Amino acid sequence: MKFTTRDQLKAWLDGLAAEMDLVAPRGVDGHVFYRPVASGDEVLFDYERPELSAKAFVFPDTEVFLRVEQRGKDVTVEEVRTERKQVIFGVRPCDAHGLAVIDALFLNQEPADAQYQHHRERTVLVGLACPRMWEGCFCTSMGGAPDDATHLDVLLREVEGGYAVEAVSEKGKALVKGLKTKQKAGDPPAPQTNADAVPVVDTATWRTLFNDKLWQRHGERCLSCRICTYVCPTCRCFDVVDRVVDTQPGLTRIERIRVWDACTSTNYRRAAGGHNSRPTKPGRIRNRFYCKFCYYPEDFGPLGCVGCGRCVVSCPVDIDITEIMRDVAAKGGQE
Amino acid sequence: MSDYEALTQQIREQARQLLSEGRVDCVIGYEVGPRGVTRPAFIYDAADVDRLVWNASCVHNLVTYLHDKKKPQRRGEEPPRVAVVVKPCDSRTINVLLAERQIARERIFAIGMACEGTVGADGEPLARCTRCGDRVPVVYDVLLGEPPNVSPPQDDYPDLARIEAMPPAERLAFWLGEFDRCIRCYACRQVCPGCYCTTCMFERDDGLWVDIGIEVSGKHIFHLGRALHLAGRCVECDECERVCPMGLPLSLLNRRLVREVDATFHYHAGREETLAPILFEFGGSK
Amino acid sequence: MAANPMRPYVGRLAGVREVATGVKLFQIELTEPEGQASLAEYKPGQFAFLSVFGAGEAPFGLASARGPYLELGVSALGHVTNSLHALEVGDPVGVRGPLGNWFPMDQIKGHDVVIIGGGIGGLPLRPVIHTILDHRADYGHLTILWAARSPDLLIATDEFDEWRNAPDTEFHVTVDQGDENWSGNVGLITKLMEEVAPSTQNTITVTCGPPIMIHFAFLTQQKLGFTPEQMLTTLEARMHCGIGKCGRCNMGEKFICVDGPVFWQYEVKEFLEGFL
């Protein structure tokens with residue numbers, strides 16, 4: 001295996017930070033998030049699962065995507081782009097998997113989402129394998145693994161005294177050229193995994209349960225907040241609004257932004273005039289899970305869940321995706 | 001120590017009676033999910049009452065769910081009658097909602113629980129419980145359990161004093177740092193029994209006060225605005241702080257105003273069943 | 001479609017007129033070359049996002065298949081639409097389109113056609129009517145059933161005479177509730193449908209209106225003997241992108257914006273989640 005030390009990694013990250021946007025796990029007031037960092041020293045190497053997924057760095061929670069300038073009756077529209085490359089370091093494999101899920105819709109379905117494509121193309125994903133699965137994790141049930149390299153450009157695995165480096169893609173190979181490594185004998189240890197798998201059933205089974213009373217039972221205690229969708233590495237709903245940023249005589253500057261949205265929120269389906277075609281909590285919760293396990297795979301290919309477990313541990317009323325998957329499998333099996 | 005097992009049985013028996021005698025259509029209580037997490041439960045059938053539990057982790061303020069029960073379930077019917085399990089703090093929100101004409105007293109059956117405090121996921125008492133002196137709900141139709149004979153501390157706002165001692169610039173930096181972590185998930189608002197506007201002013205399509213961007217400027221206004229809207233209405237159930245996934249100390253904002261309303265008006269939201277909303281008193285339109 | 005489908009073409013308001021109380025028909029001239037070229041691509045049933053820069057954008061169905069301008073009908077219901085109503089001729093706007101699928105006008109050729117329009121839902125049917133009237137020989141008998149809650153909400157009243165007098169065309173109109181000047185039919189459109197009772201022989205129906213009206217219009221059509229393979233409709237939902245990404249407008253696994261907005265009734269009834 002190719003071996004490197006933490007100090008060598010830090011030196012490499014220092015070099016990257018000087019040239020491009022570097023994002024990495026960082027401690028923030030007792031929390032761990034993927035955040036922009038300026039040097040290798042700011043990077044957290046020992047962490048569990050950052051509390052928010054990495055999606056915000058290719059699909060920002062709030063992003064100005066058009067700048068519009070209106071002079072009198074003349075309008076110019078400019079698309080917002082950056083020339084800078086971006087490296088997301090320390091990505092957990094589930095978060096990279098999550099981006100692959102979003103890719104299936106935002107990149108692979110015509111027309112591509114131009115803004116997302118722009119960020120995706122400028123970004124290199126350097127993963128750090130999880131040594132074990134954390135509370136709520138079930139990536140192994142969703143086709144992933146704590147050390148799954150599939151959706152990463154580079155995968156690091158912690159080994160005695162440092163890290164094993166695996167450049168997965170061409171982008172990754174180019175990036176690690178600047179990283180000092182040496183050949184070392186041996187293989188990285190396999191991560192610990194949970195024994196109890198969560199059952200994933202086919203979309204046809206889901207279709208038989210649309211009117212089942214389990215949606216009432218799981219959905220009624222929902223608060224209609226947005227935690228599950230905002231912590232989720234695959235949720236991708238968005239809203240688009242304008243904001244006026246500058247008004248002078250004869251000149252108005254406007255930003256068009258897109259902002260994360262959540263199908264769990266009360267007014268998600270409220271149309272102009274007030275009609276809401278999904279007015280109840282059970283109906284909205286059902287849509288969230290059908291999106292992940294029925295609509296998304298049918299429409300775009302992959303399942304809309306990677307088993308990161310964030311929604312499981314962060315829901316204030318214990319709406320547990322794994323419990324729902326087990327219920328659906330049990331009920332589906334009875335028919 | 002409460003005998004949780006005995007109280008669990010009493011809640012179940014109460015729920016069984018209410019449902020089988022047709023006195024209520026639904027009992028909102030607590031159950032324990034497969035992961036061992038205590039959570040809200042809605043019981044419609046006497047056959048399901050054994051799902052109900054009472055334990056130290058019954059932290060949720062279930063009164064917030066009464067907003068979902070204000071309308072008839074089917075057109076032309078009466079709104080449902082609902083029994084709800086309440087702790088002392090929760091019970092005060094019943095009074096707030098009664099005073100604000102959100103719920104009808106005769107449609108609510110309050111199963112009051114003598115309370116010795118609840119614990120968080122870490123097993124430690126919740127901060128709100130360590131400063132709470134209430135052991136008996138202020139409104140109930142039946143009281144279960146013996147009020148524990150302890151004299152707990154009253155809230156003298158020591159944590160608030162620490163923030164207030166900061167110079168303004170430092171205090172602003174503290175709050176902006178906290179608000180920066182906010183992801184604008186609105187869990188604080190959604191869990192709050194006092195936040196029931198059909199369209200929140202912070203989520204208007206026209207972005208009149210603040211647009212929907214998840215940025216610190218908007219989050220700042222949202223949290224301060226929400227706290228102000230709860231002035232004289234907040235009962236310090238602190239559910240907003242408990243559900244916040246980013247650990248924002250929202251209680252500091254709310255209790256700052258609780259203290260202010262206490263000092264200025266000697267008003268304590270929800271303490272009495274007949275208490276009119278403070279802004280009504282204030283405006284002389286009782 | 002544009003390189004970035006979220007970037008609007010710049011245009012200006014070339015004309016505006018009120019077509020019913022609270023409903024304005026906007027004529028839009030696209031000023032960028034790419035935008036001008038896009039005009040030729042619009043087909044009946046498709047929609048576009050119309051921007052008021054600074055207020056935002058919202059989707060509207062194509063309201064005309066005639067003339068040099070893009071025509072969209074806007075009911076003042078929310079922030080963007082109220083801002084649109086405040087615009088004056090010459091003011092700049094943005095347009096993203098054409099989006100969505102369209103009415104299969106080629107497939108409809110040779111058939112009798114029944115148009116069922118309720119309220120502002122009549123506007124997206126106008127290009128269908130125009131297409132049939134402008135290529136009259138290609139289509140069979142045309143029945144237009146038109147309705148609104150009240151007379152002041154009837155859409156396209158200035159075209160009623162043209163429709164009435166068109167060859168091989170019958171036009172019926174009703175209102176839910178009349179006023180002192182109204183001497184025509186009073187009652188729901190479903191009642192009018194039953195009274196007119198159009199033949200199902202070699203006929204295609206096209207329905208648009210509020211969701212609840214579409215629902216009952218389908219039921220009445222079934223009663224009259226129409227099969228799901230004969231009934232078309234166009235649906236709407238709140239949406240933010242129009243290109244199948246933003247998630248807002250799904251009806252089960254279908255997205256109104258890319259799988260629709262035009263659907264056959266046999267598709268609608270297969271939706272896992274109803275459109276009501």
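Which residue forms a salt bridge with B:Asp134, and how far apart are the closest N and O atoms? The partner is B:Arg271, and the closest N and O atoms of the two residues are 3.0 Å apart. The model is predicted.

Chain B is assigned two domains: domain 1 covers 4-144 and domain 2 covers 158-282. Taken over C-alpha atoms, the centres of domain 1 of chain B and domain 2 of chain B are 24 Å apart. In the contact, 23 residues of domain 1 of chain B meet 23 residues of domain 2 of chain B. The two domains of chain B bury about 2,000 Å² between them, and 49% of this area is on carbon and sulfur atoms. On the side of domain 1 of chain B, the residues that lose the most area to domain 2 of chain B are B:Arg92, B:Glu100 and B:Arg131, which together make up 29% of what that side buries.

Six salt bridges are counted between domain 1 of chain B and domain 2 of chain B. The count of residue pairs in polar contact between these domains is 14, with both residues at pLDDT 80 or more. Which element gives the most residues to the side of domain 1 of chain B that touches domain 2 of chain B? Helix 2 (residues 88-99) of chain B does, with eight residues. By class, that side of domain 1 of chain B has nine nonpolar, seven polar and seven charged residues.

## The two domains of chain C

In chain C, the domain assignment gives domain 1 as 9-99 and domain 2 as 105-234. The centres of domain 1 of chain C and domain 2 of chain C, taken over C-alpha atoms, are separated by 24 Å. Domain 1 of chain C brings 16 residues to the contact and domain 2 of chain C brings 19 residues. Between them, the domains of chain C bury about 1,300 Å², with 53% coming from carbon and sulfur atoms. Of the area that domain 1 of chain C buries against domain 2 of chain C, 38% is supplied by C:Thr21, C:Pro44 and C:Arg66, more than by any other three residues.

There are four salt bridges between domain 1 of chain C and domain 2 of chain C. C:Arg17 and C:Asp158 form a salt bridge in which the closest N and O atoms are 2.9 Å apart. Seven residue pairs are in polar contact between the domains of chain C, both residues being at pLDDT 80 or more. Strand 1 (9-20), strand 2 (23-30) and strand 5 (70-75) of chain C are the elements that give two or more residues to the side of domain 1 of chain C that touches domain 2 of chain C. Strand 5 of chain C gives the most to that side, with four residues. The classes on this side of domain 1 of chain C are nine nonpolar, four polar and three charged residues.

## Chain C against chain A

How many residues does each chain bring to the contact between chain C and chain A? Chain C brings 38 residues and chain A brings 45 residues. The buried area between chain C and chain A is about 3,600 Å², 54% of it on carbon and sulfur atoms. In chain C, the residues that lose the most area to chain A are C:Lys245, C:Arg248 and C:Leu272, together 21% of what that side buries.

Between chain C and chain A, six salt bridges are counted. C:Asp91 and A:Lys73 form a salt bridge, with 2.5 Å between the closest N and O atoms. Another count gives 22 residue pairs in polar contact between chain C and chain A, with both residues at pLDDT 80 or more. Strand 3 (47-52), strand 4 (56-61) and strand 13 (250-251) of chain C each supply at least two residues of the side that touches chain A. That side of chain C divides by class into 20 nonpolar, ten polar and eight charged residues.

## Aromatic pairs

Over all chains, the whole structure has 30 aromatic pairs. The ring centres of A:Phe106 and A:Tyr116 are 5.2 Å apart and the ring planes are at 80°, so this pair is edge-to-face. A:Phe106 lies in helix 2 (residues 93-106) of chain A and A:Tyr116 lies in helix 3 (residues 114-121) of chain A, so the pair ties together parts that are ten residues apart in sequence.

Terms used: Residues numbered from 1 in each chain as written. Chains lettered and ligands numbered in written order. Predicted model: local features only at pLDDT ≥ 70, side-chain atom pairs only at ≥ 80, totals over all residues. Heavy atoms only, no water. Domains from an automatic or database assignment. Contact = heavy atoms within 4.5 Å. Buried area = accessible area lost by both parts, 1.4 Å probe. Salt bridge = Lys/Arg side-chain N within 4 Å of Asp/Glu carboxyl O. Polar contact = N/O pair within 3.5 Å; in protein donor to acceptor, adjacent residues only side chain to side chain. Nonpolar A, V, L, I, M, F, W, Y, C, P; charged D, E, K, R; others polar. Phe/Tyr/Trp six-rings, centres within 6.5 Å; stacked < 30°, edge-to-face > 60°.
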